[in-house]
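Subject: Structure handover

Hi,

Here is the structure you were waiting for. My notes follow below it.

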Amino acid sequence: MAKCSNILLVALALSDITFLISFNSLPKVLYEAVWNHEYVGYSKASCDVLFILFSIFTLLDYTFGLLGITLPMLITAERLVVIFLPLNFSQVLTPTRTWLAVFVMAAYWLSICIYSSFWQGLDYFFDPARNQSVGIIVKSAFFFQHEDSVDTINHMIIFSSMVIPPIFTVTGCVVISVKIQLALIKRQKMTSTTRSMNRTTRTLLAVCAIYCVTAAVLSMPLYLPQEYASYSLTDKSPTNMGKLFYQLVNTVTCINSSSNFIVYVGLNKQFRMTLKNIIYCSK
C-alpha cells in the first residue's frame, strides 16, 4: 500500500463490494421485491427487527454507493498531480494524506446518510381485504417537521455526486490524455518507470471512463422533467416512468460497481498475478 493509486483502487473496490452486498441484502430484497413494499403476516416485533435491518443496509447502500461514484474524482486528482509534478508528486501525495482524503469523503457521505435515515419510519395499517395489519415504511414525522433541511440535503447530495465529480473527472481525464499523448510524441523510447506510470494511468483512466458513462445516466434527472426521471429520496408519488428510471439507475450503478473488478484484471498485470496466486493457493 505504498502507492497512493493502489490505496484509491482498494478504497474503490471496498466501496463497490459493500454497496453491492448492501443493495442486494436480504432485508431490502424481501421488502422491495418479495413483499411489494409492505410487511404482511409478521408480528410487530418481527416487523420492527426487519425494519431496523432494512434501515441499516439502506444506510450502507447509499453511503458506499455515493462514495463509489465520488472516489473517481480523487483518482483523477491523484493522476493529475503525478502527470504534472513527476519529480515532486511523492512529496505532495503520501499514503497518509490519501487515506485521510478517503476517510473524509466517507465521513461526509456517512453523516448525510445517517441524517437522511431519520426521514422514514415504520407504520401499521389495517387491510380489510386481508383482515390483518400491514407494516409499511412511510415518511417520518421528523421528515415533515424539517422539510426545508430535507430539501437542502437533497440538493447537497445531487450537487456533491452528480454535478462536481462528473465535471471534474471528465475534464481531468481529457487533460491527462492530452498530456500523455504529448509526452509520447516527444519520447520515442520510454523508461521502465514511465511505462509503469502510464500503465497505472491507463487503469485509472479506464475506471474513470466507466464512471463517466454511469454519471451520464445518473445525471439525467437534472435535465429531464421530474415526472420522467428522478432519484430524489423524497418523491411522494412517482410516475411509472419515474419508477422505471429508478430501476435503470439501480442497474447502471450495480454494473458500474461490478465492472471495476474486470478493469483491474484486464489492465493490471500485477493484479492478475495476485488474483491467480490467491486462486491457486485456495485449491
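UniProt, in an unreviewed entry, places the feature "transmembrane region" at residues 6-27, 39-60, 99-118, 157-182, 203-224 and 244-267. UniProt positions are in the numbering used here, feature names are shortened, and annotations may be inferred rather than shown by experiment. This is a predicted model, with residues numbered from 1 along each chain as its sequence is written. Local features need pLDDT of at least 70, side-chain atom pairs count only at pLDDT 80 or more, totals for chains, interfaces and linings use all residues, and side-chain values use heavy atoms, leaving out hydrogens and water.

Two of those spans in detail. Residues 6-27 are 91% helix and 0% strand. Their end C-alpha atoms lie 33 Å apart. Residues 99-118 are 90% helix and 0% strand, with end C-alpha atoms 29 Å apart.

The protein chain has 11 helices and three strands. Both are DSSP runs, numbered from the N terminus: helices are H or I of at least four residues, strands E of at least two. From the N terminus, the order is α-α-β-α-α-α-α-β-β-α-α-α-α-α.

Now the inside. Of the 283 residues in the protein chain, 38% are buried (under 20% relative accessible area; exposed is over 50%, partly exposed in between; 1.4 Å probe, protein chains only). The largest nonpolar core has 36 residues. A nonpolar core is a set of buried Ala, Val, Leu, Ile, Met, Phe, Trp, Tyr and Cys residues joined through side-chain atoms within 4.5 Å. L71, M105 and W109 touch the most other members. Elements giving two or more residues to this core include α1 (4-23), α6 (95-116) and α10 (240-267). α8 gives the most, with seven residues. Apart from this core lies another, of eight residues, among them Y39, F51, F54 and I137.

W109 deserves a look on screen. Leaving aside residues up to four places away in sequence, W109 touches T63, L66, L67, T70, I157, S160 and S161. A contact means heavy atoms within 4.5 Å. Among contacts in the protein chain between residues at least 6 apart in sequence, 74% join residues at least 24 apart.

Last, the surface. The accessible surface of the protein chain comes to about 16100 Å² (Shrake-Rupley method, 1.4 Å probe). Carbon and sulfur atoms hold 68% of that surface. V178 lies in helix α8. V178 counts as partly exposed because its relative accessibility is 44%.

Best wishes
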